Amino acid sequence: MSLELALLSTHAPSFLHEGQVPDFQQSILKAFHRQREKIEQLKPHVLVIISSHFLTNWNHYVNATPRHQGFLTAREHPDTIANIPYDYPGDQELANELAAAGKEVGLPAVAFNESTYIWDYGTLIPVRYFIPNGDIPVIDISCNMSASLEETYRFGQQIGKVLRASKKRTVFASSGALSHHLTRGRANMPSLLEKAGDDKFIELLVEGKYDAAWAMLPQYSVAADVESGGRHVAVLLGVLGLEEFKASFLGYAQSSGSGNPHLVFESK
């Protein structure tokens, strides 16, 4: 039981429809399938996901809606992500526990239950790959853009604490890019400097040097313009702790100048 698996994933719009993924992103498509295989082997009771497109001010929001249903048309890409249906169960009890754990350490964490709330594509795209049958409950968490990396990391620690203590088998996923200086043209790579930063950060994760990755994150986030200011990564590092998980690198590809990695973190 408890926290069994963590994932670092991405959500470039080109992944919405599998048959339309360009050749230069096929490594990420394969990585999505490998992550799904890990989830299918585990048979978790719930997936908790933070998306760098679920951006909020002031509060850390936890979606405690019992059923996530709707049709997504993305503000950023209304021509390519239009009227996409989704239907997944939620986990109201665990979501409330996650928000309460944030409040315990003085963080502005708020659980909400609102059936009219529409998911962002940073949540929907990876969830479509991870849970193709829509049969595993999902809890989505926001990136609070008013919070520092340190505060976000502390919230991640509280999330990890709750998931470890849970009687349910849980998976935590972080959805977002690393380097994120966007440019027109999906085939554009990050700059050489940004790619070097991505490579080093991934290397630290694979080597299990999570403390060094955390120390690198603040300056690296600024230099490479890491998506969400690095908050989706900070919460992941907080959830992981320092030594409990072993990381495997599954793939990396560009998307409009951003660096998109996929990793699996398995409990030792």
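A cavity, as the word is used in these legends, is a set of grid points where a 1.4 Å probe fits but cannot get out. The structure shown in every view is a predicted model.

**View A. The second largest cavity and the residues around it.** The second largest cavity has a computed volume of about 30 Å³, and its lining is made up of Ile50, His60, Ser142, Cys143, Asn144, Thr152, Phe155, Arg231 and Val235. At least two lining residues come from each of strand 7 (138-144), helix 4 (149-165) and helix 7, with strand 7 giving the most, namely 3 residues. Sorted by class, the lining of this second largest cavity holds 4 nonpolar, 4 polar and 1 charged residues.

View B. The class division for the largest cavity is 3 nonpolar, 5 polar and 2 charged residues.

**View C. The largest pocket and the residues at its centre.** The space in the largest pocket amounts to about 430 Å³, and 24 residues line it, those nearest the centre being Ala12, Pro13, His77, Tyr121 and Ser255. In the lining of the largest pocket, 14 residues are polar, 6 are nonpolar and 4 are charged.

**View D. The second largest pocket, with strand 2 in its lining.** The volume of the second largest pocket is about 300 Å³, and among the 13 residues that line this pocket, Leu72, Arg75, Ile118, Trp119 and Asp120 lie closest to its centre. Strand 2 (residues 46-56) gives the most to the lining of the second largest pocket, supplying 3 residues, while the lining as a whole divides into 8 nonpolar, 2 polar and 3 charged residues.

**View E. The packing of helix 6 against helix 7.** The axes of helix 6 (residues 210-224) and helix 7 (residues 231-240) lie 11 Å apart and form an angle of about 155 degrees. Because angles over 145 degrees count as roughly antiparallel, helix 6 and helix 7 are described as roughly antiparallel to each other, and their crossing is left-handed. On the helix 6 side the contact involves Tyr210, Ala213, Trp214 and Leu217, which meet Val233, Ala234, Leu237 and Leu240 of helix 7. By class, this contact consists of 8 nonpolar residues, with no polar and no charged residues.

**View F. The packing of helix 1 against helix 3.** Helix 1 (residues 26-42) and helix 3 (residues 121-130) pack with their axes 8 Å apart, at an angle of about 60 degrees. Angles under 35 degrees count as roughly parallel and those from 65 to 115 as roughly perpendicular, and the angle here is about 60 degrees, so helix 1 and helix 3 are oblique to each other. Leu29, Phe32, Gln35, Arg36 and Ile39 of helix 1 make the contact with Ile125, Pro126, Tyr129 and Phe130 of helix 3. The residues of this contact between helix 1 and helix 3 divide into 7 nonpolar, 1 polar and 1 charged.

Technical notes: Residues numbered from 1 in each chain as written. Predicted model: local features only at pLDDT ≥ 70, side-chain atom pairs only at ≥ 80, totals over all residues. Heavy atoms only, no water. 1 Å grid on protein atoms, 1.4 Å probe; cavity = no way out; pocket = protein on both sides within 12 Å on 5 of 7 lines; lining within 4 Å. Points joined across faces, edges and corners; volume = space filled by probe spheres on them. Nonpolar A, V, L, I, M, F, W, Y, C, P; charged D, E, K, R; others polar. Helix = DSSP H or I, 4+ residues; strand = E, 2+ residues; numbered from the N terminus. Axes fitted to C-alpha atoms, helices over the stretch in contact; angles between N-to-C directions. Left-handed = near helix turned anticlockwise from the far one by under 90°. Contact = heavy atoms within 4.5 Å.
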